[in-house]
Amino acid sequence: MKWFAISSLVTALALFGVVVADELSDPPAPDGLRPGGTISEIQPAPEIAGETTLQGRMERNWPEQPPVIPHNIRDYQVDARFNRCLTCHSRGEAVEAGAPMVSVSHFRGRNDQVLLAVSPDRYFCVQCHVPQTDAEPLVGNSFRTAEQVLTEMLKRQEEGQ
Ligand code: HEC
Ligand code: HEC
């Protein structure tokens with residue numbers, strides 16, 4: 001009987017050890033905007049958002065907004081060797097491509113010096129410009145356009161007088 005008790009204890013401890021070791025070798029990953037699962041688990045990638053549905057260029061919500069891209073950019077290569085965007089948007093190509101030229105701000109360097117080519121700061125276009133798609137926003141936001149902010153400010157001022 002005594003032996004039986006000891007051997008069950010050893011088995012129980014061993015099982016506990018396995019469970020703990022399992023937890024340690026494959027801990028849960030934090031849940032973020034998509035579920036974390038465990039560290040070693042491969043989660044399916046989220047679906048790629050649909051193509052842009054814009055018809056022509058879009059109004060900017062405030063004067064310095066980087067305009068959204070009104071066309072598809074799937075598979076456009078932008079790396080150290082080649083920049084597909086500039087084959088249409090550079091100073092030299094824009095007219096023939098019928099595309100708006102990158103604005104003059106893109107030719108200013110870090111210390112505000114005027115450059116002949118697009119500044120390296122502005123080389124990776126999609127850091128700032130993105131196509132507008134029908135993707136559901138991942139997090140809510142309370143963005144208001146410049147007009148909305150201004151109208152509300154003026155209204156508050158009038159009411160205050
Ligand atoms: C084949 C030529 C071509 C390529 C390549 C191209 N574009 Fe365009 N892009 C255009 C044209 C043409 C327009 C204007 C579309 C219109 O007027 O409807 C445009 C419009 C835009 C606009 C809107 C500008 C505004 O003032 O509203 C942005 C931003 C833009 N493109 C960014 C990009 C970026 C970033 C890339 C690379 C990832 C890129 N484009 C690649 C031709 C191109
Ligand atoms: C650091 C952010 C940033 C990067 C990177 C950037 N842009 Fe812009 N872009 C802006 C902003 C902000 C504006 C609007 C204000 C302005 O003109 O400076 C703009 C304006 C534009 C416009 C509209 C020009 C016009 O006169 O209507 C085009 C086209 C454009 N960018 C294309 C590009 C392309 C192509 C690249 C990559 C070579 C690029 N941008 C990289 C921020 C950026």
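Mentor: The UniProt record, an unreviewed entry, places the feature "binding site" at His-71, Cys-85, Cys-88 and His-89. UniProt positions follow the numbering used here, feature names are shortened, and annotations may be inferred rather than shown by experiment. These residues are spread over 19 residues of sequence but cluster in space, the largest C-alpha distance being 12.9 Å.

This is a predicted model: local features need pLDDT of at least 70, side-chain atom pairs count only at pLDDT 80 or more, and totals for chains, interfaces and linings use all residues. Residues are numbered from 1 along each chain as its sequence is written, with chains lettered from A and ligands numbered from 1 in the order in which they are written.

His-71 sits in the loop between helix H1 (2-25) and H2, whereas His-89 belongs to helix H2. Helices are DSSP runs (H or I, at least four residues), numbered from the N terminus. His-71 is partly exposed because it has 13 C-beta neighbours inside 10 Å. His-89 has 20 other C-beta atoms within 10 Å and is therefore buried. The cut-offs are 20 or more for buried, 12 or fewer for exposed and partly exposed in between, with C-beta atoms placed from the backbone.

Around ligand 1 there are 21 residues, of which Arg-57, Pro-67, Cys-85, Cys-88 and Cys-125 come nearest; a residue counts as near if its C-beta atom, placed from the backbone, lies within 6 Å. Helix H2 (residues 86-89) gives the largest share of this shell, 3 residues. Domain 2 (49-72 + 132-155) and domain 3 (75-130) both contribute residues, so ligand 1 lies between them; the domain bounds come from an automatic or database assignment.

Technical notes:
Helix = DSSP H or I, 4+ residues; strand = E, 2+ residues; numbered from the N terminus.
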